[in-house]
Amino acid sequence: MGSDMWDAVTPDASRRLLRAAVDSFGELGYHGTSTRHIAAGAGMSAGALYVHYRTKADLLFQIALTVHESVLAELEDAVDGVEGPPARVRALMYAFACWHARHHRAARVIQNELGALDAPHAEAIAARRRRVRALVRDEVRAGAAAGRFDVADVEGVARAMSSLAIDVCRWYRPEGARTPEDVGALTAHLCLRMLGVRDG
């Protein structure tokens, strides 16, 4: 899915503020960014920001929520109707890595700034992160149980696979030679090799 994950955010001013916050947090870090800087990036007055978000922390939480809901939807869609453990893992990990390449800026902000979330917001995001981890782990476990994967440590291998996809946001640059689809294909291939699958 190539659609912009911010499209569902309304009204337009809220969407512009989230995009400006991603840019500001990415450039200056959460603690180095002021609400005034975010508002300016959105082409709005500082006072207008508070109509949509009470605090800078609320902006960070909304970014984190949007990011994680987008990832979950992408991964669930990727395996919908796909049959067979290798094909399901290929589809899942292709989508996981592609997403992190396409949305590398927002994903990198969240990876770097998760610690700035307050406790209730952090727990809400942690619950979604557990759901993402469970999607990968359950596919590995199902394939191992079916005798299709050679896995001694389901939890450890699933964590390594997730890390491989998530880490794309740290190094991916759109001006580089690889497209998100290239990155997704390589990640899926590597993950299947980690699972002992040699035929695809």
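## Exercises on a predicted helical model

The span of residues 11-71 is 77% helix and 0% strand, and its end C-alpha atoms lie 22 Å apart. The model is predicted, so that local features need pLDDT of at least 70 and side-chain atom pairs count only at pLDDT 80 or more, while totals for chains, interfaces and linings use all residues. Residues are numbered from 1 along each chain as its sequence is written, and side-chain values use heavy atoms, with hydrogens and water left out.

**Exercise 1.** Find which residues of helix α6 are buried, and what covers them.

Solution. Helices here are DSSP runs of H or I with at least four residues, numbered from the N terminus. In α6, residues 104-113, the buried ones (under 20% relative accessible area, with a 1.4 Å probe and protein chains only) are H104, A106, A107, V109, I110 and E113. Their cover, judged by contact (heavy atoms within 4.5 Å), includes α1 (12-28), α4 (56-79), α5 (85-102), α7 (119-145) and α9 (168-171).

**Exercise 2.** Describe how helix α8 packs with helix α10.

Solution. Begin with the geometry: α8 (residues 154-166) and α10 (residues 180-194) pack at an angle of about 165°, and their axes are 10 Å apart. The two are therefore roughly antiparallel, a term used for angles over 145 degrees. Next, take the residues: V157, A160, M161, L164 and A165 in α8 meet T187, L190, C191 and M194 in α10. By class, this contact has eight nonpolar residues, one polar and no charged.

Definitions and conventions
Buried < 20%, exposed > 50% of the residue type's maximum accessible area, 1.4 Å probe, protein only. Axes fitted to C-alpha atoms, helices over the stretch in contact; angles between N-to-C directions. Parallel < 35°, antiparallel > 145°, perpendicular 65-115°, else oblique. Nonpolar A, V, L, I, M, F, W, Y, C, P; charged D, E, K, R; others polar.
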